[in-house]
Amino acid sequence: MDLDALRVPVDKLTCRCDPDSLGFETTEELSPLEGTVGQDRAIAALDFGLNVEAPGYNIYVVGYPGTGRTTTLLGFLNRVASEHPTPDDWCYLHNFRDPLQPLAVRVPPGIGRQLVQDMEELIRDCLRNIPGAFESEEYRTKVEEAMRGVQTQRESITQSIDEEAQRQGFTVQPSPTGILTTPIINGQPISREVYNALSEEVKAALRVKSEALQEFINKRLIELRRVEREVFRLRAQVDRDLVRSVTAPAFMELKEKYKDIPAVLAHMDDVREDIAEHVDEFRVHEEQRQQQEQTQDEAAAVRDIPEAERFTRYRVNVLVDNGRTEGAPVIFEYNPSYYNLFGRVEYRPRYGTAATDLTMVRPGAIHLANGGYLALQAKDILANPLAWGTLKHVLRTGEARIENFAEQNSSIPTATLRPEPIPISAKIVLMGTPQLFALLQRADEDFRKFFKVKADFDLSMEKTPENIRFYACFVCNRRRDFNIKPFHKGAVAKLVEYASRLVEDQERLTTRFIDIADLITEADYWARHDGSSRLVMAEHIAKAIQQKTYRSNLPEERIQDFTDDGAIMIDTAGAVVGQVNGLSVLMLGDYTFGRPVRITARTSLGRGQVANLDREAQMTGRVHNKGFFILTSYLMGKYGQDRPLNVRSSIGFEQTYDEVEGDSASAAELYALLSSLSVMPIKQGIAVTGSVNQFGQVQAIGGAIYKVEGFYDVCKAKGLTGQQGVVIPMTNVKNLILRDDVVQAVKEGRFHVWAVDTIEQGMELLTGVPMGQPNDAGSYPEGTINHAIIKNLDRLAERARELFHRDDGEDGQPAAANSPATANDHEVSS
């Protein structure tokens with residue numbers, strides 16, 4: 001095999017962007033970017049979801065922060081909202097039939113605010129005009145006319161009582177306890193002393209007459225009370241008629257103004273009747289008001305509370321005011337708590353208790369977005385289970401009810417406001433990660449019913465000339481918004497190369513523009529710090545990348561120090577049997593780097609087990625375990641067809657103290673195992689990565705960039721010999737965007753990168769010995785790895801047979817049984 005053919009050419013180790021191909025010298029020649037780049041799928045989904053009117057077609061925007069999902073969504077929402085009519089205002093009015101349930105009334109946009117002003121002006125007019133009407137001569141005349149007939153009845157009843165008393169020989173006098181009767185003798189009322197001096201016969205006769213007279217008087221008093229009630233009724237009717245007459249012009253004006261809103265007209269009628277029924281609240285004289293103003297401040301403050309609340313029932317609470325809204329409303333609620341979303345009923349302290357009224361009903365985001373669009377962060381609303389459940393209830397019923405959740409869950413029923421629910425027709429947009437979307441799909445049966453549209457924002461886009469130019473225009477956006485320096489074409493080219501490195505793909509660019517924006521800002525800082533150029537140059541981009549790495553790579557440097565000191569044992573020269581340099585990736589949140597790890601394998605006589613030492617110590621993940629089972633299956637298929645595998649092998653990651661996860665080391669583990677079985681030493685100057693399938697094909701892995709650079713840094717620290725390098729899967733070549741110093745070292749022949757498709761190619765690179773192909777008889781040529789493996793397996797099988805026959809007479813078990821398998825051993829053959 002031509003091993004040189006496996007070398008990755010220098011031009012394949014990174015992707016260069018030619019500054020001259022950009023078509024400009026500086027970004028001053030370009031216009032800012034309009035719209036969103038590289039998200040055609042998400043844009044099409046948003047366009048569909050925001051315009052379809054069917055129920056349940058709410059949107060879940062899938063994407064990670066920094067991909068432009070919020071900016072894109074905001075732009076789409078504003079554009080679509082501007083094409084829709086402005087929704088109506090919503091007001092709460094007093095319910096005169098059920099005061100605890102304020103009425104929800106829809107009025108055209110902007111009318112709610114006018115209605116508030118008109119009602120306040122109406123009450124001021126009533127307070128100003130009604131007291132004067134009661135002091136007018138016309139009012140006194142009407143009262144007299146109404147009282148004239150009643151007064152005659154009253155006088156007639158009083159006269160009949162007097163006449164009957166005189167006829168019976170008594171005189172009558174009114175008192176606080178009723179009407180007193182006194183006997184008359186000789187034309188004069190008698191005193192108590194005279195009465196006591198009368199004979200018992202006379203007293204008895206007077207008592208009989210007095211009782212008869214009292215019975216007559218009581219009957220007439222009943223008639224008198226009926227007359228008095230009629231007086232009160234007539235007086236009240238006169239007062240009501242007067243109030244209706246005084247307020248008629250104002251109400252006629254308002255009813256004409258709001259003639260197209262039946263609910264407001266009905267409310268006006270209710271208000272007019274209520275004012276007439278509570279006329280005493282409006283006939284306060286000026287003298288009384290002046291007396292109230294002369295009271296002490298503290299006492300006045302106490303009385304001001306009910307005074308301020310006296311006319312609350314006539315006020316209007318504009319819950320949603322769209323008077324200044326153009327098009328449909330667009331609401332982004334970044335703190336979707338229950339009250340922020342669905343409103344609340346507030347309370348004020350009064351005399352040691354809590355009081356509320358219709359003016360203290362507050363809207364939530366769902367009300368403000370009614371007729372428009374409401375955008376929420378999925379993780380935030382899911383952190384409030386009550387809010388999430390209530391949102392689904394609103395979507396299910398199509399109406400939102402304002403109620404305090406503490407009162408819902410109270411064990412003691414309380415009397416409080418129950419505002420009438422408001423119909424809701426808002427489009428809901430959730431924003432969240434793909435993991436959260438998958439979780440909701442699985443765990444919430446209502447989710448797919450209410451969120452039928454998925455807008456998926458990609459993390460990368462194709463590296464086309466158009467998209468590269470979009471990157472340059474994005475720089476213009478940052479310059480317009482944050483006053484940064486113009487970028488030279490070389491700096492833009494470097495920025496594009498960095499964008500490809502972020503997605504580890506030579507043919508794509510990242511769409512997480514938050515990272516690009518940060519780099520633009522930091523490069524501008526270093527350009528200003530340099531002070532020698534009016535432009536941001538390529539070296540400023542390189543400086544920003546280098547400084548960004550320096551701020552975060554302290555853990556990497558400490559691990560490198562341990563490697564240089566020999567505390568972490570990594571060989572970069574020589575050859576060792578059963579030992580290979582694997583490669584791992586460490587992700588520390590803001591920084592990712594690669595580091596080599598020693599993988600070793602030992603073999604001995606056994607019963608066909610391959611033990612994973614890390615798995616036995618419960619330090620491996622499920623994906624790693626699967627990769628390990630696959631490599632043992634490869635051994636079974638490759639070498640266990642014609643012979644028993646009387647071998648026990650163990651494989652372990654040396655000096656690892658955290659969980660090992662992923663299958664990218666399965667190829668390295670297999671190389672170490674084959675080396676141990678063949679007793680062929682592996683070159684320690686070469687590190688390997690890649691997963692393997694059951695047929696020995698090397699498969700792609702992640703983090704190829706960091707793994708190559710990690711081993712290069714170790715080799716550089718120990719001294720580059722020109723024999724060192726990294727073996728990667730062939731399918732990962734397009735993922736290489738290596739640092740300039742690594743590319744330069746490869747170009748100078750001081751370091752190498754090879755790419756392989758099969759385990760056989762990798763073993764030949766690592767050992768310098770051919771694997772060998774079987775002849776027609778199934779035998780491998782001498783001097784090949786496969787021949788050495790078969791020879792060693794046959795030797796172990798023969799030794800097992802010898803031990804079996806030697807000990808057969810003792811217990812019928814071969815000596816290899818003294819090396820029992822554990823529960824974590826994977827048996828290859830028995």
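Me: A pocket is an open set of points on a 1 Å grid over the protein atoms alone where a 1.4 Å probe fits, with protein on both sides within 12 Å along at least five of seven lines; lining residues have an atom within 4 Å of a point. Which residues lie nearest the centre of the second largest pocket?

Reply: The model is predicted, so local features need pLDDT of at least 70 and side-chain atom pairs 80 or more, while totals for chains, interfaces and linings use all residues. Residues are numbered from 1 along each chain, and side-chain values use heavy atoms, without hydrogens and water. Glu53, Ile424, Ser425, Ala426 and Lys427 lie nearest the centre, out of 35 lining residues. Helix H13 (385–397), strand E16 (427–432) and helix H16 (447–450) each give two or more residues to this lining. Helices (H or I, at least four residues) and strands (E, at least two) are DSSP runs.

Me: What makes the pair of Phe437 and Phe447 edge-to-face?

Reply: Rings of Phe, Tyr and Trp (its six-membered ring) pair if their centres lie within 6.5 Å; planes under 30 degrees apart are stacked, over 60 edge-to-face, the rest tilted. Here the centres are 5.7 Å apart and the planes 75° apart, so the pair is edge-to-face. The whole structure has 18 aromatic pairs.

Me: Why does this pair tie together separate parts of the sequence?

Reply: Phe437 lies in helix H15 (residues 434–443) and Phe447 in helix H16, so the pair links parts ten residues apart in sequence.

Me: Which residues of H18 meet H19?

Reply: Leu495, Tyr498, Ala499 and Leu502 in H18 meet Asp515, Ile516, Leu519 and Ile520 in H19, where contact means heavy atoms within 4.5 Å.
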